[in-house]
Amino acid sequence: MTTGMTVLAGAFGVLTLGAVVVCNEGAVRVDVQEKARNGEHVHLIVPAALGPVAAWLVPRNKLGDARHQIRQWLPTIKAASAQLARCPDGPLVEVDSHREHVRIYKQGGSLFIYVDSEDETVHVSFPLEAAADTVSQLAR
Amino acid sequence: MMRKTLGLTVSMLAFATLAMPADRWIHIRVIESGPDGDRVRINIPLSLAEAVLPTIKSDKLCDGKVKVEGRAFDQVDLDALLEAVRKAQDNQYVTVESKDENVEVAKAGEFLLIKVHENREGAGKAAKASKARNTVDIKIPFKVAQALLSGNKDELNVLAAVRALDEYQSLDLVTVKDESDNVHIWVDSNNTAD
């Protein structure tokens, strides 16, 4: 095997491993669509596995007082995530008014938040397990 | 031998699965009347409340107990009063009839029933013209009420009440119907409100 082939095989292996990790951990999805004419559309899909790593990289001094506040709620977030993860899939909160519609539901280990208001539609979803890990890293 | 062991294991697993109690859910449904009325439906597993409540440490809610302002329960030993009513025969213990509303407090089996029904005879013209009659129906198991009062005099033990609620398969707790809102709070084994 030539050196080039070895590097190519290594790169392929790393990519495959990365894909496996991403698929296993799921993804954080954020989709915001403003309803105004020429409104902005933000669409993000981030591998959930990167959440705790990104949170770990955030400089502690940048978080300031937020770290203390997150730490205070960390046990609650962890307990809620763990308990929600073992709940059957289904709607948790549904609000329908003439101004907005809100849905929060759990499906397959992830929490989905959907808001449709007069100004914008927002879709956010994240794996429950990764959310707790990310918050833990922010609070450390 | 191998077959017997496998069969026994499968049977035990099946029995354990059947014997495991299903998760209880508390449902809150608020429906505002009118075509533009807001609708709110909340479904929370009791196990979630049981896991989360002890972790909250705030001024008003700490370790699953809510601080009650003032000295609300100091004058009456509510726990003793509840126990006395629980042991008594089924009956309607309190009846208050006024111009505007009738209030009834009764004991039926293991439940404390509180009913507040608006009295149309004494109501104003506008209220009389309205078809809806304002009613509040509360049904609380004594076990839950006693668990709620199991903390100190100035607190309500919500966590203990939630744990006590977990024993009930299906239970209508609160129903409020008035001209603008329809509120229903109940517990069952379904994870959806409808």
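This is a predicted model: local features need pLDDT of at least 70, side-chain atom pairs count only at pLDDT 80 or more; totals for chains, interfaces and linings use all residues.

Trainee: What share of chain B counts as buried?

Mentor: The figure is 18% of its 194 residues. To count, a residue needs 20 or more other C-beta atoms within 10 Å of its own.

Trainee: Why are helix 4 and helix 5 of chain A called roughly antiparallel?

Mentor: Helix 4 (residues 65-85) of chain A packs on helix 5 (residues 128-139) of chain A at about 165 degrees, with the axes 9 Å apart. Angles over 145 degrees count as roughly antiparallel, so these two helices get that label. Their crossing is left-handed.

Trainee: What makes up the contact between helix 4 and helix 5 of chain A?

Mentor: Helix 4 of chain A contributes residues including A:I70, A:L74 and A:I77. Among those from helix 5 of chain A are A:L128, A:A132 and A:V135. The contact residues divide into 11 nonpolar, two polar and four charged.

Trainee: Back to chain B. How do you know that strand 1 and strand 11 of chain B pair?

Mentor: Pairing takes at least two bridges. Strand 1 (residues 25-32) and strand 11 (residues 181-188) of chain B have eight, in the antiparallel sense. B:R29 has B:H184 as its bridge partner in strand 11 of chain B.

Trainee: Which strand forms a hairpin with strand 11 of chain B?

Mentor: Strand 10 of chain B, with three residues between them. Six bridges join these antiparallel strands. B:V174 stands opposite B:I185 in strand 11 of chain B.

Conventions: Residues are numbered from 1 along each chain as its sequence is written. Chains are lettered from A and ligands numbered from 1 in the order in which they are written. A residue is buried if 20 or more other C-beta atoms lie within 10 Å of its own, exposed if 12 or fewer, and partly exposed in between; C-beta atoms are placed from the backbone. Axes are lines fitted to C-alpha atoms, for helices over the stretch in contact, and angles run from 0 to 180 degrees between N-to-C directions. Helices (H or I, at least four residues) and strands (E, at least two) are DSSP runs, numbered from the N terminus. Angles under 35 degrees count as roughly parallel, over 145 as roughly antiparallel, 65 to 115 as roughly perpendicular and the rest as oblique. A crossing is left-handed if the near helix is turned anticlockwise from the far one by less than a right angle, and right-handed if clockwise. Two residues are in contact if their C-beta atoms, placed from the backbone, lie within 7 Å. Ala, Val, Leu, Ile, Met, Phe, Trp, Tyr, Cys and Pro count as nonpolar, Asp, Glu, Lys and Arg as charged, and the others, Gly among them, as polar.
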